[in-house]
Amino acid sequence: RSKGYFWLASRFNMVGSWSQAGGACRHGDAGLWWADVDKSQWPDDQESLDQIKANWNTDFGDRRQELVFIGIEMNKHRMRGSLNACLLTDYEMEQGKETWHTLPDPFPHWGTNGDQEFMGEAQ
C-alpha cells in the first residue's frame, strides 16, 4: 500500500494525490498548494495555519513530496533509489519554475480535481 501527495515540477501549482493498494492505483489533482492560494482564502483557525506553516519552505512554500509506503519485506533502498531518480537534478533545479513546465511529464491530464485510475502491477 502507498498513499500521499506529490509535487511535479511540470505542474508547479497542482498538488498530486497518490493512492495504491495491490495492483490498483489512483493518481490525480488534489487542488492547489497553499502557496498558490490567495491568503484571504486560507483557513482562519490556528491549528490549520500552524500545519501550513509547519510544512513551509521559503523557496517553495508548502510544495513537497509526502508519500507513505506500507508493506512487508519491501526493498527500502531500491524503492528510495527509484523515487530519488524522479527528482530534479541540480541543473534542472537551477533552471527554475519558468522552464520546469517544459520538462517531460509522464502523467496524463488530470483535469480539475479529476482522478485518473490505472490497473496493473505496482512497481
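The model is a predicted one. In this model, the side chain of Asp105 meets that of Arg11 in a salt bridge. The N to O distance is 2.7 Å. Arg11 counts as buried, because its relative accessibility is 11%, and buried means under 20%.

Where do Asp105 and Arg11 sit in the chain? Asp105 is in the loop between H4 and strand S5 (115–119). Arg11 is in the loop between strand S1 (2–6) and strand S2 (14–21). The two residues are 94 residues apart, and their pair links distant parts of the chain.

## The other salt bridges

How many salt bridges does a search of the whole structure find? The search finds 3. In general, side chains of opposite charge can pair when their charged atoms come close.

Another of these bridges joins the side chains of Arg63 and Asp36, at 2.5 Å from N to O. Arg63 lies in the loop between H1 and S4, and Asp36 lies in the loop between strand S3 (24–32) and H1. The pair therefore ties together parts that are 27 residues apart in sequence. Arg63 is buried, with a relative accessible area of 9%. Asp36 is partly exposed, at 29%.

Glu66 and Arg64 also form a salt bridge. Their closest N and O atoms are 2.7 Å apart. Are these two residues buried or partly exposed? Glu66 counts as partly exposed, at 37% relative accessibility. Arg64 counts as partly exposed too, at 24%.

## The overall fold

The protein has 4 helices and 5 strands. Along the sequence, they follow the pattern β-β-β-α-β-α-α-α-β. The chain holds 123 residues, and 24% of them count as buried.

Strand S4 includes Phe69. This residue is partly exposed, with a relative accessible area of 30%. Phe69 and Lys3 are 66 residues apart along the chain. Yet 6.9 Å separates their C-alpha atoms.

## Aromatic rings

A search of the whole structure finds 10 aromatic pairs. One of them is formed by Phe60 and Trp100. Their ring centres are 6.2 Å apart, and the angle between the planes is 35°.

Trp100 is buried, because its relative accessible area is 3%. Phe60 and Trp100 also belong to one aromatic cluster, together with Trp7 and Phe12.

Which residues form a negative surface patch? They are Asp44, Asp45, Glu47 and Asp50. Glu47 has its place in helix H1 (residues 46–54). Its relative accessibility is 65%, so Glu47 counts as exposed.

Note on methods:
Residues numbered from 1 in each chain as written. Predicted model: local features only at pLDDT ≥ 70, side-chain atom pairs only at ≥ 80, totals over all residues. Heavy atoms only, no water. Patch = residues over 30% accessible without salt bridge, like charges linked within 9 Å, V, L, I, M, F, W, Y side chains within 5 Å. Areas by Shrake-Rupley, 256 points an atom, 1.4 Å probe, with all protein chains shown as cover. Salt bridge = Lys/Arg side-chain N within 4 Å of Asp/Glu carboxyl O. Lys, Arg positive; Asp, Glu negative; His and termini not counted. Charge placed at Lys NZ, Arg CZ, Asp CG, Glu CD. Buried < 20%, exposed > 50% of the residue type's maximum accessible area, 1.4 Å probe, protein only. Phe/Tyr/Trp six-rings, centres within 6.5 Å; stacked < 30°, edge-to-face > 60°.
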